[in-house]
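Let's go through this protein by asking what stands behind each label. Have the model open as you read.

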Amino acid sequence: MKILHAAALAASLAQPAAADPFEDFGTAMKYGLPLAAAVCAARDDRLEDFAIRGALQAVVVLGLKTWLDGTPISVRPNGQGRGFPSGHSASAAFGAADLAGKCFPDDRAAGIGLYGAAGLTAASRVHAGEHTMQQALTGALIGFTFGAADFGIGTEGASFSVGMRF
């Protein structure tokens, strides 16, 4: 429950002054989901692995944005560059996958809510005209991959867990 309170606090602090509420939600989840996952990682004594995976996810996203800038895939709907992939989508999916797979691995309702929030974050970026669907989905896939992974740093071994076992 403390994780959800931390996410709610982060979401309220991340709100811009005057923007579309759906876009505000996406921005809040960009920060709130990874923050809640960090709180859980600290609680579970796996913060080092979490931080390395989060940093690598950010490096991949920023590296792709820089490397592909000026190419057609990186053009945002508003005509600006550095749109591929969506950093908001990557960050939210990273937090959701870490939380669902490591903090709530057997709680389907939590998994549905977390992955749903990450999906809505990607949709909010398309809705805001900041990204194409391809840019948002690619960002979400990158974040999901790093969030579900476990490099085994400080633990017994590497793994990959998405939670929501069927």
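The expected span of a helix is 1.5 Å times one less than its number of residues. Helices (H or I, at least four residues) and strands (E, at least two) are DSSP runs, numbered from the N terminus.

This is a predicted model, in which local features need pLDDT of at least 70 and side-chain atom pairs count only at pLDDT 80 or more, while totals for chains, interfaces and linings use all residues. Residues are numbered from 1 along each chain as its sequence is written, and side-chain values use heavy atoms, with hydrogens and water left out.

Q: How do you know that the length of helix H5 agrees with its number of residues?
A: H5 covers residues 108–127, and at 1.5 Å a residue its 20 residues should span 28 Å. The C-alpha atoms at its ends are 28 Å apart, so the two values agree.

Q: Which elements make up the protein, and in what order do they run?
A: There are six helices and two strands. From the N terminus on, the order is α-α-α-α-α-α-β-β.

Q: Why is the link of cysteine 40 and cysteine 103 called a disulfide?
A: A disulfide is a pair of cysteine sulfur atoms within 2.5 Å. The S to S distance here is 1.8 Å, and the count by this rule comes to one disulfide. Cysteine 40 lies in helix H2 (residues 21–43) and cysteine 103 in helix H4 (residues 87–103), so the pair ties together parts that are 63 residues apart in sequence. The link is left-handed, with -120 degrees about the S-S bond.

Q: How do you know whether cysteine 40 is buried or exposed?
A: Its relative accessible area is 0%, so cysteine 40 is buried. Cysteine 103, at 13%, counts as buried too.

Q: Why is the contact of arginine 53 and aspartate 98 called a salt bridge?
A: A salt bridge is a side-chain nitrogen of Lys or Arg within 4 Å of a carboxyl oxygen of Asp or Glu. The N to O distance in this pair is 2.7 Å. Arginine 53 lies in helix H3 and aspartate 98 in helix H4, so the pair ties together parts that are 45 residues apart in sequence. Arginine 53 is buried at 0% relative accessibility, and aspartate 98 is buried at 0% as well.

Q: What makes aspartate 44 a partner of arginine 46?
A: Their closest N and O atoms are 3.9 Å apart, and they form a salt bridge. Aspartate 44 also meets arginine 43 in a salt bridge, at 2.8 Å, N to O. Arginine 43 is exposed at 55%, aspartate 44 is partly exposed at 32% and arginine 46 is buried at 10%.

Q: Which residues are linked in a network of salt bridges?
A: The network links Arg43, Asp44, Arg46, Asp49, Arg53, Asp98 and Lys102. In total, the count comes to seven salt bridges.

Q: How do you know whether histidine 131 is buried or exposed?
A: Histidine 131 has 2% relative accessibility, so it counts as buried. It lies in the loop between H5 and helix H6 (133–148). Its C-alpha atom is separated by 9.0 Å from that of serine 74, 57 residues apart along the chain.

Q: What phi does aspartate 45 have?
A: Its phi is positive, about 60 degrees, although aspartate 45 is not a glycine. Aspartate 45 is in the loop between H2 and H3, and its relative accessible area of 67% makes it exposed.

Key: Buried < 20%, exposed > 50% of the residue type's maximum accessible area, 1.4 Å probe, protein only.
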